[in-house]
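Here are my notes on the model you sent over.

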Amino acid sequence: MLICTKVVDVEKLKEIQKDLAVIMCLLEKYFPPSSFDIMIHLMVHLVREVKLCGPVFFLWMYPIER
C-alpha cells in the first residue's frame, strides 16, 4: 500500500479561511437562505478540521475496514 504524504501550509489555511468567509457572505447576499443546506455550512469548519486532524485521508476508515 502506497501512502502519499503532503505538507499542509498553515499560513495558506488562514488565507483560505478568510477568503471562504467573504465568499459565503457574497453567496448569502445573492441567493435565498433556502438554497443553503448543511453541506454549504460545513465548508466553514473545513479549515479548522484540517488544522486539528491533518489531511482528510488520515481520518478515513476505509483501510481499517478493509
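1. Confidence first, since this is a predicted model. The protein chain has a mean pLDDT of 79, and 79% of its residues reach 70 or more. Helix α1 is where confidence is highest, at 89, while helix α3 (residues 62-65) has the lowest, with a mean of 66. Where pLDDT is low, the predicted coordinates should not be read in detail.

2. On the overall layout: the protein chain has three helices and zero strands, running α-α-α from the N terminus on. Of its 66 residues, 9% count as buried. The accessible surface of the chain is about 6100 Å², and carbon and sulfur atoms account for 67% of that.

3. Now the salt bridges. How many does the structure hold? The count is three. Glu 11 and Lys 14 are about one helical turn apart because they sit three residues from each other in α1. Lys 12 and Glu 15, both in α1, have that spacing too: three residues, about one turn.

4. How open are these side chains? Glu 11 is exposed, at 53% relative accessibility. Lys 14 is partly exposed at 39%, as are Lys 12 at 43% and Glu 15 at 41%.

5. Glu 15 is also worth a look for its place relative to Val 47. The two are 32 residues apart in sequence, yet their C-alpha atoms are 10.0 Å apart in space.

6. Helix α2 covers residues 38-53, 16 residues in total, and spans 21 Å from first C-alpha to last, close to the expected 22 Å. Do check the kink of about 45° centred on Val 44. Just after α2, Gly 54 takes a positive phi of about 90°.

7. The remaining salt bridge pairs Arg 48 with Glu 49, and here the closest N and O atoms are 4.0 Å apart. Arg 48 is partly exposed at 45% relative accessibility, and Glu 49 is partly exposed at 35%.

8. Last, the surface. Which residues form a nonpolar patch there? They are Val 22, Leu 26, Tyr 30 and Phe 31, with about 440 Å² of accessible area together. Tyr 30 belongs to helix α1 (residues 10-30), and its relative accessible area of 60% makes it exposed.

Notes:
Residues numbered from 1 in each chain as written. Predicted model: local features only at pLDDT ≥ 70, side-chain atom pairs only at ≥ 80, totals over all residues. Heavy atoms only, no water. Patch = residues over 30% accessible without salt bridge, like charges linked within 9 Å, V, L, I, M, F, W, Y side chains within 5 Å. Areas by Shrake-Rupley, 256 points an atom, 1.4 Å probe, with all protein chains shown as cover. Salt bridge = Lys/Arg side-chain N within 4 Å of Asp/Glu carboxyl O. Helix = DSSP H or I, 4+ residues; strand = E, 2+ residues; numbered from the N terminus. Buried < 20%, exposed > 50% of the residue type's maximum accessible area, 1.4 Å probe, protein only. Expected span 1.5 Å × (residues − 1). Bend = angle between axes of the 7 residues up to and from the residue. pLDDT = per-residue confidence, 0-100.
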